[in-house]
Amino acid sequence: KASAEGKDLLIDFTGSDWCGWCIKLKSEVFDQEAFKTAAPKIFVLVELDYPQQKPQSDAIKAQNQKLQGEFGIEGFPTIYLTDAQGRPYARTGYQAGGPEKYLEHLAELQKTRAERDELFAKAEKAEGVDKARALDEVLAFMASKEVSVKAYQGVIDEIMTLDAENKAGLKSKYEASKALAEIESTLMGGNFDEAITKIDAFVGTEGLAGEQKQRALFLKAVAFHNKGDKAATVEGLKAALYAARDGEKSEEIRQAIQQLGG
């Protein structure tokens, strides 16, 4: 529908029957006539619901769980703006001020897509490994906007094909990202011992270092925490911190160690 109508998607990840901020956003913005009149002219509106009491079919639950993983949803409400291909370019949530102010906020976020598309256009002018680097720049830009790049799988596949010999180190980078995603899926599925086994194999990958190693060791600590092993959790967190002391998750890890008395 978005492709046919030349529109973007506005995806609302919500907990309609339990999330206070979700309910507030819906009543203050989405249910207001000003929003209902203006927003559909720009976006195809999509609601993905994660209720606690409202019944849903198994198919809807499976669909929503898959999309939650692809978009890296950790809290509600989360609002994603995507192009018609479903590639996200902006993320937001509740904003006070009513429908008019929210529409202004969305218009500002759409400028990010223009910046992204300029980078895509630059990449299209390049070839081979240079194009791989340019496409990686697109994904780095999206990550800097706190946007999940998992939905850019087609771009990732192209980067890996263009850098098939790993001359730019991009093939190994995205292979590691894929492995981490599989580990996260295993962990979310409650298979903690299997996740730990996968992490140990991943951490042993030749040349692995920095934030990807930190992320893996952090997930190992999470697995031990879910198993109720406090000592192993603290040990895992310390190993994760050591892997990248200035990494993106380092401060979160330090706080976790402190909270656990480590």
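# Close-up views of selected sites

**Cys 19 counts as buried, at a relative accessibility of 4%.** The term buried stands for under 20% relative accessible area, exposed for over 50%, and partly exposed for what lies in between (1.4 Å probe, protein chains only). The model shown is predicted, so local features need a pLDDT of at least 70 and side-chain atom pairs count only at pLDDT 80 or more, whereas totals for chains, interfaces and linings use all residues. Residues are numbered from 1 along each chain as its sequence is written, and side-chain values use heavy atoms, with hydrogens and water left out. Cys 19 is joined to Cys 22 by a disulfide with an S to S distance of 2.4 Å, a disulfide being a pair of cysteine sulfur atoms within 2.5 Å. The structure holds one disulfide; its link between Cys 19 and Cys 22 is right-handed, with 75° about the S-S bond. Cys 22 is likewise buried, with a relative accessible area of 4%.

**Four strands form an open sheet in the order S2-S1-S3-S4, with mixed pairing.** The strands at the edges, each pairing on one side only, are S2 (43-49) and S4 (88-92). From one strand to the next, the twist averages 20°, with axes taken as lines fitted to C-alpha atoms (for helices over the stretch in contact) and angles running from 0 to 180 degrees between N-to-C directions. Strands (E, at least two residues) and helices (H or I, at least four) are DSSP runs numbered from the N terminus, and two strands pair if DSSP finds at least two bridges between them. Strand S1 (residues 8-14) runs parallel to S2 and is joined to S2 by seven bridges; Asp 12 has Glu 47 as its bridge partner in S2.

**Thr 82 has its place in strand S3 (residues 78-82).** With a relative accessibility of 0%, Thr 82 counts as buried. Apart from its neighbours within four places in sequence, Thr 82 is in contact (heavy atoms within 4.5 Å) with Asp 8, Leu 9, Ile 11, Phe 71, Arg 87, Pro 88 and Tyr 89.

**Tyr 102 is among the residues that touch the most other members of the largest nonpolar core.** A nonpolar core is a set of buried Ala, Val, Leu, Ile, Met, Phe, Trp, Tyr and Cys residues joined through side-chain atoms within 4.5 Å. The largest such core has 43 residues, and Phe 13, Phe 35, Leu 81, Leu 106 and Ile 159 join Tyr 102 in that group. Leaving aside neighbours within four places in sequence, the contacts of Tyr 102 include Leu 25, Val 29, Phe 30, Phe 35 and Ile 79. A second, separate core of 14 residues includes Leu 180, Ala 195, Leu 219 and Ala 223.

**Helix H6 (residues 128-144) packs its buried residues against S4, helix H5 (98-124), helix H7 (153-162) and helix H8 (170-188).** The 17 residues of H6 reach 25 Å from first C-alpha to last, close to the 24 Å expected at 1.5 Å a residue, the expected span of a helix being 1.5 Å times one less than its number of residues. Among the buried residues of H6 are Val 129, Leu 135, Val 138, Leu 139 and Phe 141. After H6 comes Glu 146, whose phi is positive, near 60°.

**Gly 207 lies in the loop between helix H9 (192-203) and helix H10 (210-227).** Gly 207 is exposed, with a relative accessible area of 72%. Between Gly 207 and Ser 172 the C-alpha to C-alpha distance is 9.5 Å, while the two are 35 residues apart in sequence.
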